[in-house]
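Please read it alongside the sequence and the coordinates.

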Amino acid sequence: FIMVSRVPNPVLLTSTEDVEAYLKGELHSDQKQQRDISLVGLFSPEMKKENDAFIEAAHSLKGTVALGLCTHKDAIYLSQKFGVALPALVFVRNKESHVESIHLDSSSTEDIVSAVKSAMLETFPEVTVENFPSYFHPLKPLLILFIDNDDTKTMKAREELTEFTKLSTQNYATCWIDLRNTQVGKEILQVYLNYLPQLPALILAQLSTSGEVFAFPEEQLISRTSVLHWLKRVQTGRENPRNLLQRREWTPPQATYDFLAIMDIMRPGFAKQRAPNSANQENLYEEGENETEHLNESNEEEDQSELTAESERVQASPAPPNELHNEL
């Protein structure tokens, strides 16, 4: 964080050479080890509103990632070179050499921050319990490769899917799970297919739409060509799903665990997501609330009686002599 914060954010780039050098990691090369990705915003000189939003986004991301900014007329040439319309975000991952790009179709700071964070994610990551929320996209089908070893077949499958993501990154949330590192992956696979297939296994799960689960044919080798052909069959309805995931409501296992209902009863409106689903529970806590109110009223009456008695005692006692008058 400290090393990244030392670099101005954004870094102003005034020529094509500066932008290309920044993307290669040649500018601020002392920061290269702290950067997993080099990102540059490209804007024409007329795009003042978009440029200002990008600068605000860069300031909010200071210490997280350093951004380059080019508003020179060369930005038009660079956008044509990288095949993206302005305004745009172009970037290069440290382990790769090709330039990727995203068209910034919104001029809001929040959307630009979101685009930067999306670009920082790996295109074919190993997902775990901890990082899955960062990679799950509610509008994209989930394409998962399940593995449990590093044999030749598995490594080849990973290499082919890495190349596949370069062709179809926008359509699927593609990832892989190593059952040796994420043991819950075995249970996930069992739920998806109702059995455990031979690994590596490639699964397409349409979690946010139909709930259909498709499995790549086990007898075929996983390659970018065969995967594209299989996905096309799925899209055209020529591939039958292996399973249909049922939508489930995540309700409390028992009424006593319905904490939202308890809060709604104790403090109406505090957690008003839904009505309490247990009449017995509602009666129980209403009785408790009535007892609490009765106890509070009794305590208030006792406190008032004590206060009145103390006031009468003070009024009945003789006044102390005037010490200042005696001294005079």
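In this predicted model, helix α7 passes α9 in a right-handed crossing. The axes of α7 (residues 152–167) and α9 (residues 224–235) come within 9 Å and cross at roughly 55°. An angle under 35 degrees would count as roughly parallel and one from 65 to 115 as roughly perpendicular, so α7 and α9 are oblique to each other.

**Contact between α7 and α9**

- On the α7 side, the contact is made by Glu160, Leu161, Glu163, Phe164 and Leu167.
- On the α9 side, the residues that meet them are Arg224, Val227, Leu228 and Leu231.
- By class, the residues of this contact divide into 6 nonpolar and 3 charged, with no polar residue.

**Sheet with β6 to β10**

- This sheet is open and has 5 strands in the order β7-β6-β8-β9-β10, with mixed pairing.
- Its edge strands are β7 (173–178) and β10 (243–244), each of which pairs on one side only.
- β10 pairs with strand β9 (residues 212–215) in the antiparallel sense, over 2 bridges.
- Within that strand pair, Glu212 has Leu244 in β10 as its bridge partner.
- Helix α7 also packs on this sheet, where it touches β6 (142–147), β7 and β8 (201–205).
- The direction of α7 makes about 160° with that of β6.
- Helix α9 lies across β6, β8 and β9 and runs at about 30° to β8.

**Sheet with β1 to β5**

- Another open sheet of 5 strands has the order β1-β3-β2-β4-β5, and its pairing is mixed.
- The edge strands here are β1 (11–12) and β5 (100–103), and each pairs on one side only.
- β1 and strand β3 (residues 67–70) run parallel and are joined by 2 bridges.
- Leu12 has Leu69 in β3 as its bridge partner.
- Helix α2 (residues 16–24) packs on the sheet and touches β1, β2 (37–42), β3 and β4 (88–93).
- The direction of α2 makes about 155° with that of β2.
- Helix α5 (residues 109–120) packs on the sheet as well, touching β2, β3, β4 and β5.
- The direction of α5 makes about 20° with that of β4.

Notes. Residues numbered from 1 in each chain as written. Predicted model: local features only at pLDDT ≥ 70, side-chain atom pairs only at ≥ 80, totals over all residues. Heavy atoms only, no water. Axes fitted to C-alpha atoms, helices over the stretch in contact; angles between N-to-C directions. Helix = DSSP H or I, 4+ residues; strand = E, 2+ residues; numbered from the N terminus. Parallel < 35°, antiparallel > 145°, perpendicular 65-115°, else oblique. Left-handed = near helix turned anticlockwise from the far one by under 90°. Contact = heavy atoms within 4.5 Å. Nonpolar A, V, L, I, M, F, W, Y, C, P; charged D, E, K, R; others polar. Pairing = 2+ DSSP bridges.
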